[in-house]
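Hi,

Here is the structure I promised to pass on. Have a look at it first, and then read on for what turned up when I went through it.

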Amino acid sequence: MSELTQVASASDAGKFEPKIVAFFCNWCTYLAADLAGTSRMKYAPNTRVIRVMCSGRVDPQFILEAFAKGADGVLIGGCHPGDCHYQEGNYKALRRFYLLKKMVKEMGIEDERLRLEWISAAEGDRVRTVINDMVAKVRALGPLKSTQPVEMVAEEVTAA
Amino acid sequence: MSEKPKVAFYWCASCGGCEEAVVDLAESILDVAGAIDIVLWPVALDFKYKDVKALADGAIVATFLNGAIRNTEQEEMAHLLRRKSQYLIAFGACAQLGGIPGLANLWDRKSIFQRVYSEGPTTLNPASVLPETSHKDNGRTVTLPGFHDTVKTLEQVVDVDYFVPGCPPTPDLLKQAVGALLSGQLPPKGSVLAPDRALCDECPRKDTKPEKLSIEEFKRPHQVLIDHEKCLLAQDLLCMGPATRGSCGALCIQGNMPCTGCFGPTSRVRDFGAKALSAMASLVAARDDDAVVKAMESIPDPVGTFYRYSLPASLLVRKRTEETSDVR
């Protein structure tokens, strides 16, 4: 409860509240978030959760688009290694994650803003700690420097 | 003067390689030159900007513009040529996606000037003189175009009708584009004038590509003796074939070098670098954090590798820096 009150008072004072886009896998992390909800756990309300079928479905384009459109952080949640519903999806997510992390760093986006976590359906509490921790770290960093240099035509990301 | 359709060629932030593509038409250039009236081509013919300004709006049938938009002069010319042309064609990777000059979006005007005019190993500039848009000397004023913080693609500055991909485009693609324009058989506006399929599809080594690729670490061309017939990915070389539009004739592959992605993405991909990164990362064999991190060390510069030709056209457009203002 105290965390929530903290969040509320911070936004009341017009302080920076990070926006985190979270891609949660249908089979593990999304269920864990559900469990956190039904267990009435309280955690920072800064995440916008998007359910995907697998962490391997998270196209790097989705992550970059989130940053480009104003997300201060992106969180990906998937099944633990070996537990992927589709056998290999989370390994592909892991490989893309580390390469993408290296790339966004070159683009001036700090390490803490992109995070991958394995959270099983039973780990509702882990959803809470990860989100609280990430929100605190991103809040400390401040807003993503979003120099929108050109008027970009809004283009839908379509993934082949 | 003749009633032949008027065509212009212009260059912005580019290396001149796209001009080579025109010259490389070889004897077919005579057919092209016979069918059209060139009204502007700074690299080869002595027309002045005022000649273009004197034309009626829309008097030029097509302008082939190569190069990215780096400074105010290029921006002005892009607007002028847009107004004077019925069709404006972004010719080559720089105009289409930002190209190699677009990698400057990892820096900004201040840091570029600092490097080039102060810190360069062969630079001697104790007074730290930097380019100015206007300078007074002996009562005379000289001017230079303004230099933007951010390199832009042509489409980010003016409306573009068609794109011809490549660094540089092949003479065949140019010939087809001119042919399509003259015959009026044009695809929908905004199309890339090249077939919409990946390079692997037309690769001469296609049959040697294994069903499942599994790469421990990527090798750079100088680190291996490259087999002339085998799929380059199967030799652990970072080849962008799976993510890159084909129709280049697989020229680099035939020269035994991996594809670097100059033809850009196919129509279903918004961000070439993200998709190419995704394709390459997925091929890595490692399954745990440390091994994956180690494998990715074999790609020392992901931006320079995956956005080699397309940083300005990417979703992030440029590096996030504190003070980028994007004016002169």
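Predicted model: local features only at pLDDT ≥ 70, side-chain atom pairs only at ≥ 80, totals over all residues.

A:Arg40 sits in the loop between α2 (29-38) and β2 (47-52) of chain A. Its phi is near 60°, a positive value in a residue other than glycine. Because A:Arg40 has 6 C-beta neighbours inside 10 Å, this residue counts as exposed. Chain B has a case of its own in B:Ala26, which is not a glycine but has a positive phi of about 55°. You will find B:Ala26 in the loop between α1 (17-23) and α2 (28-35) of chain B, and with 8 C-beta neighbours inside 10 Å, B:Ala26 counts as exposed.

While you are looking at the backbone, there is also a cis peptide bond between B:Cys167 and B:Pro168, with omega at about -5°. B:Pro168 belongs to the loop between β9 and α7 of chain B.

Now for chain A as a whole. It contains five helices and four strands, and from the N terminus on these follow the pattern α-β-α-β-α-β-α-β-α. Of the 160 residues in chain A, 47% are buried. Among the contacts in chain A with a separation of 6 or more, 81% are between residues 24 or more positions apart.

In chain B, the part to look at is an open sheet of five strands, in the order β2-β1-β3-β5-β9 and with parallel pairing. β2 (37-40) and β9 (162-164) of chain B are at the edges with a single partner strand each, so one side of each has no neighbour in the sheet. On average, neighbouring strands of this sheet are turned by 30° against each other, direction ignored. Inside the sheet, β3 (residues 60-66) and β5 (residues 85-91) of chain B run parallel and are joined by five bridges; B:Ala62, for instance, has B:Tyr87 in β5(B) as its bridge partner. Two helices of chain B lie across strands named here. Helix α7 (residues 171-183) of chain B lies across β3, β5 and β9, at about 155° to β9(B).

How do the two chains meet? The contact takes 32 residues from chain B and 31 residues from chain A. On the side of chain B that touches chain A, α9(B) gives the most, with six residues. The residues on that side of chain B divide into 15 nonpolar, six polar and eleven charged.

Finally, the packing. The largest nonpolar core has 85 residues, of which A:Phe67, A:Val74 and B:Leu277 touch the most other members. Helix α4 (residues 89-106) of chain A supplies the largest share of this core, nine residues. Another core lies apart from it, with 52 residues, including B:Phe9, B:Phe64, B:Tyr162 and B:Cys248.

Happy browsing!

How values were computed:
Residues numbered from 1 in each chain as written. Chains lettered and ligands numbered in written order. Core = buried A, V, L, I, M, F, W, Y, C linked by C-beta atoms within 7 Å. Buried ≥ 20, exposed ≤ 12 C-beta atoms within 10 Å, placed from the backbone. Contact = placed C-beta atoms within 7 Å. Nonpolar A, V, L, I, M, F, W, Y, C, P; charged D, E, K, R; others polar. Pairing = 2+ DSSP bridges. Axes fitted to C-alpha atoms, helices over the stretch in contact; angles between N-to-C directions.
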